[in-house]
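Okay everyone, thanks for coming.

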Amino acid sequence: QTALEHGASVVGTTLNTPESTVRSEFAGFGERYHHLIRDASSADGVREHFERIREMIGVTPSLFVYNAGKWEANSPFDSATSTASFLAEYDALHNLHVRGPLAHFLGSLDAYGRDHKAVHVFVGTVATPLWEEQEKVGSPLEHGAPGIAYAATKTSMHGLVRALQADARHR
């Protein structure tokens, strides 16, 4: 909303969130807010997605924010959680938190060129501080910890971003 308040055009991409719900949050910004629905964990059609964004706003975007996330709190130590179900959850969260943002980042490079100067922001998580807080109190937090798969995949995203930064500095 801050970007919109300062005159930017914004394209919001959500999955399973009705456009009417998202639009109500940005109602005062009129034609400067655009909404697309797509599966953030999928690489299918990413280049086309970014080309559509450019068509919608008329310019190549200068800021991308990757904020996909899903909170899961299953533990492999819980007797109700099977190995197969835990690994399936991990794979789904990895696709959403790591592979999806990477696919979108690469899609922006494909659509806008490897030398476009946009800023890419990968939204992290509160997973690490919550785990640290849980360790301090010695028991699960009142509302539950974010889950091992969640914390691991968000931490993986942090590693991905650091690797992309290092590689970009040498290009």
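So, the chain has six helices and four strands, where helices (H or I, at least four residues) and strands (E, at least two) are DSSP runs, numbered from the N terminus. Going along the sequence, you read α-β-α-β-α-β-α-β-α-α. Before we go on: this is a predicted model, where local features need pLDDT of at least 70, side-chain atom pairs count only at pLDDT 80 or more, and totals for chains, interfaces and linings use all residues. Residues are numbered from 1 along each chain as its sequence is written, and side-chain values use heavy atoms, with hydrogens and water left out.

How much of the chain is buried? Of its 171 residues, 32% count as buried, and buried here means under 20% relative accessible area, with exposed over 50% and partly exposed in between (1.4 Å probe, protein chains only). Now contacts, meaning heavy atoms within 4.5 Å. Take those in the chain with a separation of 6 or more: 65% of them come from residues 24 or more positions apart.

Let's look at α3. This helix runs over residues 46-57, twelve residues, and its first and last C-alpha atoms are 17 Å apart, close to the 16 Å expected at 1.5 Å a residue. That expected span is 1.5 Å times one less than the number of residues. Which residues of α3 are buried? They are Val46, His49, Phe50 and Ile53. These four sit on the same side of α3, because they cover an arc of only 95 degrees around the axis; the arc is that of the directions from the helix axis to the C-beta atoms. As a reminder, an α-helix has 3.6 residues a turn, so residues three or four places apart point the same way. Just after α3 comes Gly58, with a positive phi of about 85 degrees.

Ile57 is also in α3. Not counting residues up to four places away in sequence, Ile57 touches Ser9, Val11 and His34. Its C-alpha is 9.1 Å from that of Tyr33, 24 residues apart along the chain.

Next, helix packing. Two packed helices are described by the angle between their axes and the distance between the axes. For α3 and α4 (residues 83-112), the axes come within 8 Å and cross at roughly 60 degrees. Axes, by the way, are lines fitted to C-alpha atoms, for helices over the stretch in contact, and angles run from 0 to 180 degrees between N-to-C directions. That makes α3 oblique to α4; the scheme is under 35 degrees for roughly parallel, over 145 for roughly antiparallel, 65 to 115 for roughly perpendicular and oblique for the rest. The crossing of these two is right-handed, meaning the near helix is turned clockwise from the far one by less than a right angle, with anticlockwise being left-handed. On the α3 side the meeting residues include Arg47, Phe50 and Arg54, and on the α4 side they include His104, Asp110 and Tyr112.

Now α4 with α6: their axes come within 9 Å and cross at roughly 25 degrees. That makes α4 roughly parallel to α6, and this crossing is right-handed too. Among the residues that meet here are Phe86, Tyr90 and Phe105 from α4, and Ile148, Met157 and Leu164 from α6.

As for α6 itself (residues 148-169), its 22 residues should span 32 Å at 1.5 Å a residue, and the end C-alpha atoms are 32 Å apart, which agrees. Its buried residues include Tyr150, Lys154 and Leu160.

Two last stops. Pro76 is in the loop between β3 (63-66) and α4, and it counts as partly exposed because its relative accessible area is 38%. Leaving aside neighbours within four places in sequence, Pro76 is in contact with Phe86 and Ile148.

And Val10, where is that? Val10 lies in strand β1 (residues 10-14), partly exposed at 22% relative accessibility. Beyond its neighbours within four places in sequence, Val10 contacts Ala3, Leu4, Arg32, Tyr33 and His34.
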